[in-house]
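Here's a quick tour of a few spots worth a look. Have the model open and follow along.

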Amino acid sequence: MTSDALRHLRQATDAAISDRTIVEAIRVMSAAPSPRGRERATATRLAAWARDRWPRLPWNLEAVGPEGTNLTSTAGGSGPELLVYSHLDTSLSGDAAHDRWATGLDGPVAPPTLDPVSGLLSGFGLGVARAPAAAALMGYAAAATALRREGLPHRLCLLLASAGTHSSPFATARPASPSPSAASGVSGVSGEPSGIDEYLRSHPLPAAAVVAKCGPPGVLYEEPGAIFLRVRLDGAYRPVLARGADGGLLAGLGAVVAILESWRAEHLAARTAPGRQLAAEAGIGAVRGGLAEKPDLLPGLVELHLYLTTVPGDDPGEIARTVLERLRAGIRGGPLERHRVSVDAHMVHPAGSTPPGAPVIRQAIAAWDDEHGAPPPPISGWKGSTDGVVLRGHGIPTARVGPAAASDPADPRRDVFDPQELARFARLYAGIALRHALGVPGTRSGRGT
């Protein structure tokens, strides 16, 4: 009887899911920039659009900080809750003048385009979250509508969150108050809460969650954590005409980079382990020093900003102290020896995992099998961290699954998707929701491709 009910519900959600509607949702999200913490206009616009299409479902706006907003919807009223999660913000701001220091590109980004020949959709910010977020919204609405029409008990929630991308507090924040380890040059900085943090603070914890994000082909039940490191070198400010033989901080930057790259190789080698879906990574993502309008002055402060993805057990304080020790040893006896070095660490969140036999993982695997005609391939060495790890940090069993993004060769700021593939993932998200409501962790619905 349960298999028959699942098959019947799947037929209803399949009929309701449209790649055209997903493309329309993406266009609504793409109508204006939606940088981290400033998603209110996008959330408001998307909520109005969703209310027109699914007026029987509630679409709520919840403020996060002065300019951020979560878009939420809750369907049903009984049973264990499944949260379907993605986010509204993009990694790049959408302001070409600001983003060019990462992209190297000056021109504005064009709106999403649908190629009339290939049928492929290309647009800015689609791979970060917009494409899977639109598929998640579509899948949630289809599943909630089908369950309501059949009068079946269910509790489904959708969260398209504010501030879902990672952003370093070291970009604008002052150093934290001295910690017990501050004498060694290591300190920490507290970050602003993300939209998912705010949601979990103000809502009951769900029984399980699905994170709709682009990633590897398959179902992730493990994800790396994330840490920001800031390396600071302080020295005497002086004009270029009095530079001296050492050349100042920037002249010695190559040696610092070499030390950090050598540390990275050892750091990653110590974290290689078979049987894991996740893996560690580290890299220098930004360098700051001097005044561009006054290059006749040697900087008295240079910063290097690093991003790390982490494995279980990684401690930000220990990592920062190790980096500091390597730097001090590496510059000893050289022109930078007289400069003060410090390392600040901020953990966004630790690595997290869900038991692979958890019902939501089995439901995701079964839904994948339905849509692809085969079980999901195994995953290893995945280095992408999302704020979905926050859910695992609260003890919530969580599956992450989503389409793979391709870069537009004409503009690497844009991602390319087949709308029919996005519809497939919308059906997959709906399938997980239906299995959760019916309590059938690993049952196929009988439709495969």
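Where is the place of R392? In this predicted model, R392 sits in helix α10, which covers residues 389–393. Is R392 buried or exposed? With a relative accessibility of 8%, R392 is buried, because the cut-off for that is under 20%. Its side chain gets to the backbone oxygen of Y221 at 3.5 Å. Skipping neighbours within four places in sequence, the contacts of R392 include L220, Y221, E222 and E223, plus G352, S353 and T354. T398, A399 and R400 are also in contact with R392.

Now for the aromatics. The whole structure has six aromatic pairs, and two of them are set out here.

| Pair | Centre to centre | Angle between planes | Class |
|---|---|---|---|
| F228 and Y307 | 5.4 Å | 50° | tilted |
| W368 and F425 | 5.9 Å | 75° | edge-to-face |

F228 is in strand β10 and Y307 in strand β14, so their pair ties together parts 79 residues apart in sequence. F228 is buried at 9% relative accessible area, while Y307 is partly exposed at 28%. Elsewhere, ring pairs link W49, W54, W59 and Y140 into a cluster.

Last stop, the second largest pocket. It holds about 240 Å³ of space and has 16 lining residues, with A16, A142, T145, A146 and R149 nearest its centre. Helix α5 gives the largest share of that lining, eight residues. By class, the lining has nine nonpolar, two polar and five charged residues.

How values were computed
Residues numbered from 1 in each chain as written. Predicted model: local features only at pLDDT ≥ 70, side-chain atom pairs only at ≥ 80, totals over all residues. Heavy atoms only, no water. Helix = DSSP H or I, 4+ residues; strand = E, 2+ residues; numbered from the N terminus. Buried < 20%, exposed > 50% of the residue type's maximum accessible area, 1.4 Å probe, protein only. Polar contact = N/O pair within 3.5 Å; in protein donor to acceptor, adjacent residues only side chain to side chain. Contact = heavy atoms within 4.5 Å. 1 Å grid on protein atoms, 1.4 Å probe; cavity = no way out; pocket = protein on both sides within 12 Å on 5 of 7 lines; lining within 4 Å. Points joined across faces, edges and corners; volume = space filled by probe spheres on them. Nonpolar A, V, L, I, M, F, W, Y, C, P; charged D, E, K, R; others polar. Phe/Tyr/Trp six-rings, centres within 6.5 Å; stacked < 30°, edge-to-face > 60°.
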